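Please keep the sequence and the structure in view while reading.

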Amino acid sequence: MSAWPDLTWLHALQQPAVALDWTLAEWDWRVRVARRLRLLGRLAEAVLGAGLAEQLPQPVAHALLAEARLARARSQALHWCRESAGQALEGLGAPRVLLKGAAYMAQGLPNASGRLPSDLDILVPAEALPEARRRLVEAGWQEVELDEHDQRYYREWSHELPPMRHPMHAIELDVHHNILPPVARDHVDAALLLQAVRPLPDPELAPWCVLGPEDQVLHCAAHLINDSEHRDRLRDLVDLQVLMAAHGAAEPGFGERLLARARQLGLHDALVLGASLVAQGLQAPLDPALAQAVQSALADRRLAALQRRYATVLAPRGPEAEPGWGVRWAETALLVRHHWRRMPLPLLLRHTWHKAWVQRRAAAEADTGDA
C-alpha cells in the first residue's frame, strides 16, 4: 500500500482553474495543509494570478489574498537583504552565487512566486570567505552568538559561516562555501560548482550568478535527502519537480547531462532517490534517461528500503492527524542516517555529547531561574 495520500490538489499550482470545482470543505482542508507545508503562498499566487478570486467563496478568497500579501512582503524583504549583501560584497573579486529560493526568484522560475523566505543563501569560494565575512561585518551584519565548540564546528566541519543577522533586515543571511559539509560522507568539490555558474539575465542583478541548471537540481535533491528533518517537507519535493521540468524543457539532453553530473559530484543516490519520490508521490513524469536510472537504482534493496522510509515521512497527513508509529520509526531511522553520514564517528560523538551537555545545562538553568 502506498504511503502517499491523494495529492491531485497540487495540480492547481500549474492549472489553477481546477480549484473552482473544490467544495468549501475541500478548501478548508487544503488551505490548512498547504499552509503547514509552506505551499499556501504558491497556491494563492496561482489562483489569484489567474483572476479567479471573484469566483471563489469569500472566506477562501480572503485567506488566499492574506497569504499572497505575506509572501510578497517576505519576498521584498529578501530583495532588500540581497541588495544589502551585494553592496557589502561589491569588488570581492570572486563569484557571488545565489542559492535555493533566492536563485529561483532571481531566475523567475515557476516555483518563485508565493514563497515565504526566511533566509538568503549565498555561496562564495572558500578562499574568499574571510574577506566576505569582514566586509559583511563592516556593513552591519553580525554572526549569531556561539560557544567555542559551535564556532569550531562552523570553521572546520561545516559548509557555511554561522548565520548572520542585520538590525535593518528581517531576513537571515547564510554564507556558504559549499552545498554540503566537507567532512560528510556525501561531499562535493565546490570548485566544480563554481566552474559551471551562470550569470543572471537581468543586468540589475549583476554580478550575482546562480549554479548551473544541473547543479541546481542536484543541490535541491541533496538538500532534501541529506537534511535532518523530513516531515512536512513536501515543498522541497515540489521544488525538485519544478527544477527538473523547467530546466529539462529549456536544456536539450538535460536528463543525460544531469545523471553524468550527479556521478561526477558524487550525488547519484540523492538524485535517483529524489526523482523516485517525485515520480511516486507527485505522479510527475521523469526524463526517460532519469526514469531508467531510477528503475535500475531501486533494484538495489538498500536504496529501495531507503526510498520507502523517505516516502513514509514525506507524505503529508491531514491537518489534525498525528504521525503513527511507522512514521515516527522511519523519521528516527532517517535522523540516525543523517547524523551518521554528516560527519566521521569521532566528530559525531564529540558533537553529540556537547549538544546534550548544552541542553542539560539550559534545562538546569531554567529550573533554577538563572536563564
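Which residues are buried in α9? They are L234, R235, D236, L237, V238, D239, L240, Q241, V242, L243, M244 and H247, where buried means under 20% relative accessible area, exposed over 50% and partly exposed in between, with a 1.4 Å probe and protein chains only. The model is predicted, so local features need pLDDT of at least 70 and side-chain atom pairs count only at pLDDT 80 or more, while totals for chains, interfaces and linings use all residues. Residues are numbered from 1 along each chain as its sequence is written, and side-chain values use heavy atoms, with hydrogens and water left out.

**The chain as a whole**

- The chain contains 15 helices and seven strands; helices (H or I, at least four residues) and strands (E, at least two) are DSSP runs, numbered from the N terminus.
- A compact globule of 371 residues would have a radius of gyration near 21 Å, and the chain agrees with this at 21 Å. The radius is taken over C-alpha atoms, and the globule rule is 2.2 Å times the number of residues to the power 0.38.
- The C-alpha trace spans about 55 × 55 × 50 Å along its principal axes.
- Of the 371 residues in the chain, 51% are buried.
- Among contacts (heavy atoms within 4.5 Å) with a separation of 6 or more, 69% are between residues 24 or more positions apart.
- The accessible surface of the chain is about 18,100 Å², and carbon and sulfur atoms account for 54% of that surface. Accessible areas come from the Shrake-Rupley method with a 1.4 Å probe; for residues, only the protein chains shown count as cover.

**Nonpolar cores**

- The largest nonpolar core has 82 residues, and those with the most contacts inside it are W4, L10, W27, L64, L234 and L282. Such a core is a set of buried Ala, Val, Leu, Ile, Met, Phe, Trp, Tyr and Cys residues joined through side-chain atoms within 4.5 Å.
- Apart from that core lies another of 30 residues, among them A88, L129, A132 and L173.
- Leaving aside residues up to four places away in sequence, L282 touches L7, L10, L234, L237, V238, Q241 and L277.
- In soluble globular proteins, nonpolar side chains tend to be buried together.

- Helix α9 (residues 234–250) is mostly covered, with 12 of its 17 residues buried.
- At 1.5 Å a residue, the 17 residues of α9 should span 24 Å, and the end C-alpha atoms agree with this at 25 Å apart. The expected span is 1.5 Å times one less than the number of residues.
- A245 lies in helix α9 and counts as partly exposed at 42% relative accessibility.
- The C-alpha atoms of A245 and P285 are separated by 8.8 Å, although the two residues are 40 residues apart along the chain.
- D232 lies in the loop between α8 and α9; D232 has a positive phi of about 65 degrees and is not a glycine.

- K100 is found in helix α4 (residues 100–107), is partly exposed with a relative accessible area of 23%, and has a positive phi of about 50 degrees although it is not a glycine.
- Just after α4, G108 takes a positive phi of about 65 degrees.
- H219, in helix α8 (residues 213–226), is buried with a relative accessible area of 6%. Not counting residues up to four places away in sequence, H219 touches L99, K100, I179 and L211.

**Strands and a cis peptide bond**

- Four of the five residues of strand β2 (residues 119–123) are buried, so β2 is largely enclosed by the rest of the structure.
- Strand β1 (residues 96–98) pairs with β2 in the antiparallel sense over two bridges, and L98 has I122 of β2 as its bridge partner. Two strands pair if DSSP finds at least two bridges between them.
- β2 also pairs with strand β5 (residues 172–176), in the parallel sense over five bridges; in β5, V175 is the bridge partner of I122.
- A cis peptide bond with omega of about 5 degrees joins A206 and P207. P207 lies in the loop between β6 (198–199) and β7 (208–210).
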